[in-house]
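Reader: I am new to this structure. Can you show me how to read it, feature by feature?
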Amino acid sequence: MRSKANRRPELFFGLVGAVGTDLVLVSDLLVEVLRAFGYVTHPVHVIELLRHVDSVNATLHEEPVFRRYMSRMDAGDLFRERTRRNDALALLASREVQRIRGSHNKNGEPLSDHAFIFRSFKTPDEVLALREIYGNGFLLIGAYAPREARREHLIRKIAGSSFADRSAEVESDADKLIHRDEKEQKEFGQNVRNTFPMADFFLDVTKNRETIQRQLERFLGLVFGHPFTTPEPAESAMFHAQSAALRSAELGRQVGAVLTTSRHSIIAVGTNEVPKPGGGQYWPSDPEDHRTFQLSRDTSDELKTNNVAEVIDTLVEKGWLIQEKCALERKDLVLAAAEILKRTRIMSPIEFGRAIHAEMSALLDAAQRGCPVQDTILYCTTFPCHNCTRHIIGAGVRKVVYIEPYAKSLAEVLHKEAVHVEGQQPLAGRVEFEPFVGVAPRQYLTLFHMPRRKNDDGTVVAWNKLTSSPRLFPPATSYVENEDAWGTFLLEAFDQMELDFPSKEEE
């Protein structure tokens with residue numbers, strides 16, 4: 001039996017992946033890998049916890065598969081909406097942790113050498129809540145599979161459960177699930193598109209079972225302080241890209257980019273920031289600072305509103321608006337129209353920003369110093385927009401690796417003959433766009449920080465899965481208190497909405 005001094009802390013793993021991704025396989029393999037480290041595991045299927053909430057449980061269905069998926073999306077939306085919390089399911093998962101602990105010991109003390117695996121999360125607020133509760137004891141794994149592979153997987157499952165052949169209706173059902181899962185256009189809808197990039201580790205589940213397991217073993221080895229696991233080239237380059245992103249003071253987002261040779265040497269970096277005369281971009285220490293925030297308002301937002309005003313004025317002039325609308329004050333009419341149109345293409349132009357995009361900044365950095373970029377690899381924290389894509393293609397960049405999606409990008413639509421994006425059959429000569437796999441930049445310093453590597457006599461330290469301890473996890477007392485505090489938030493939400501809150505015994 002392990003002594004108190006050698007007891008290892010609880011671990012908490014969350015999974016996120018777009019619908020159609022085999023998260024059951026990831027969870028099963030994670031259980032196997034953790035078992036090799038001597039950990040007892042507790043998989044928690046988060047959406048199924050709603051079976052303990054009577055008012056929501058009735059909406060859950062099992063068959064056919066399309067109805068099963070849709071009913072769970074409906075139930076999640078309903079639960080978030082009724083509690084008025086986008087993190088409600090995460091708080092329910094944390095309550096399940098308390099219940100499991102209570103089944104092992106009456107006082108609910110943390111269980112050494114135990115790990116909880118949550119499958120799966122759908123909103124950024126769920127991830128933020130669990131990071132607040134468990135600190136760096138919570139690790140999110142992003143499971144990637146290309147859209148076409150996920151679509152085919154869903155089509156097979158939907159057709160099989162309905163005893164039907166592949167048909168236009170079955171394909172349409174698969175597309176509906178994928179579209180809804182990505183991001184719902186409502187306050188308490190799910191939003192996997194923005195949740196996935198928050199992962200601490202990105203996993204490619206298109207590989208065979210053995211390869212996926214090796215990816216997880218490497219990640220867990222880092223978590224448990226393996227002294228000789230060092231960064232892969234993509235991990236190093238993406239960390240530099242994230243570092244470059246943090247230089248940006250733009251109002252909308254921070255983006256970073258790095259260009260490397262095929263042998264992984266960094267030749268240029270870039271960030272999204274305003275250009276300055278003479279070359280380069282503004283730094284805070286420059287004698288003059290003309291970055292966007294100094295103007296007090298984002299010029300892009302201002303010009304987009306002006307676009308709407310121009311359209312409204314034209315429609316009024318040509319008599320295309322009803323008199324009721326024409327009677328409104330121009331300012332009120334424009335603001336109302338801008339609100340209605342905010343999710344349309346007319347409100348999504350990208351050419352009005354003052355900043356150079358990170359990808360262009362990296363290309364310009366290379367050009368200023370005379371560095372050739374033919375056959376280079378571009379690592380970018382966000383999928384390139386279509387304007388940057390045309391320059392990436394023209395510059396001769398061979399491959400683009402990215403983390404965050406970018407919904408406004410029309411790169412694939414406008415340059416389908418020149419780019420190869422996930423799920424397509426690759427063709428020679430196209431620029432490859434592929435998602436990043438590996439340790440996320442946010443965990444780079446923690447997981448690759450050098451542990452003890454040699455003994456006092458100079459011999460290499462012996463590392464053992466069963467005796468190694470995780471790196472930098474918070475004291476148990478702090479997160480147990482956090483569980484109670486955040487559980488109170490959920491209880492209050494139940495009281496306000498007059499919902500039935502399950503007791504720990506009922507769960």
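Reader: How do the residues of the lining of the second largest pocket divide into nonpolar, polar and charged?
Author: To read a lining, sort its residues by side-chain class. This is a predicted model. Here the lining of the second largest pocket has 10 nonpolar, eight polar and eight charged residues.

Reader: Which residues lie nearest the centre of the second largest pocket?
Author: The lining holds 26 residues. His-45, Tyr-69, Arg-119, Ser-120 and Lys-122 lie nearest the centre. The volume of this pocket is about 580 Å³.

Reader: Which helix gives the most to that lining?
Author: Look at the elements behind the residues. H1 (23-36), H3 (65-83) and H6 (147-161) each supply at least two lining residues. H3 gives the most, with seven.

Reader: Which residues of H3 are buried?
Author: Buried means under 20% relative accessible area. In H3 the buried residues are Val-65, Ser-71, Arg-72, Met-73, Ala-75, Gly-76, Asp-77, Phe-79, Arg-80 and Thr-83.

Reader: Where does Asp-113 lie, and is Asp-113 buried or exposed?
Author: Asp-113 lies in the loop between helix H4 (88-104) and S3. Its phi is positive, about 60°, although Asp-113 is not a glycine. Asp-113 is buried, because its relative accessible area is 9%, under the 20% limit.

Reader: And Ser-296, buried or exposed?
Author: Ser-296 counts as exposed, because its relative accessibility is 70%, and the cut-off is over 50%. Ser-296 also has a positive phi, about 75°, and is not a glycine. Its place is the loop between strand S7 (266-271) and helix H11 (299-317).

Reader: Which residues does the peptide bond with omega near -10° join?
Author: For peptide bonds, read omega. The bond from Glu-63 to Pro-64 is cis, with omega near -10°. Pro-64 lies in the loop between helix H2 (54-57) and H3. Another cis bond joins Arg-119 and Ser-120, with omega about -5°. Ser-120 sits in the loop between strand S3 (114-119) and helix H5 (124-134). Arg-119 and Ser-120 are also among the residues nearest the centre of the second largest pocket.

Reader: How many cavities of 30 Å³ or more are there?
Author: The count is one. The largest cavity holds about 50 Å³ of space. Its lining is Asn-136, Leu-139, Gln-443, Thr-446, Leu-447, Arg-471 and Phe-473. They divide into three nonpolar, three polar and one charged. Helix H17 (residues 441-448) gives the most, with three residues.

Reader: What radius of gyration does the protein chain have?
Author: Compare the chain with a globule. With 507 residues, a compact globule would have a radius of gyration near 23 Å. The protein chain has 25 Å, which agrees. Its C-alpha trace spans about 80 × 65 × 55 Å along the principal axes.

Reader: How many helices and strands are in the protein chain?
Author: There are 18 helices and 12 strands. Of the 507 residues, 49% count as buried. Among contacts between residues at least 6 apart in sequence, 71% join residues at least 24 apart.

Technical notes. Residues are numbered from 1 along each chain as its sequence is written. Side-chain values use heavy atoms; hydrogens and water are left out. On a 1 Å grid over the protein atoms alone, a cavity is a set of points where a 1.4 Å probe fits but cannot get out, and a pocket is an open set with protein on both sides within 12 Å along at least five of seven lines; lining residues have an atom within 4 Å of a point. Grid points are joined across faces, edges and corners, and a volume is the space filled by probe spheres set on the points. Helices (H or I, at least four residues) and strands (E, at least two) are DSSP runs, numbered from the N terminus. Ala, Val, Leu, Ile, Met, Phe, Trp, Tyr, Cys and Pro count as nonpolar, Asp, Glu, Lys and Arg as charged, and the others, Gly among them, as polar. Buried means under 20% relative accessible area, exposed over 50%, partly exposed in between (1.4 Å probe, protein chains only). The radius of gyration is taken over C-alpha atoms; the globule rule is 2.2 Å times the number of residues to the power 0.38. Contact means heavy atoms within 4.5 Å.
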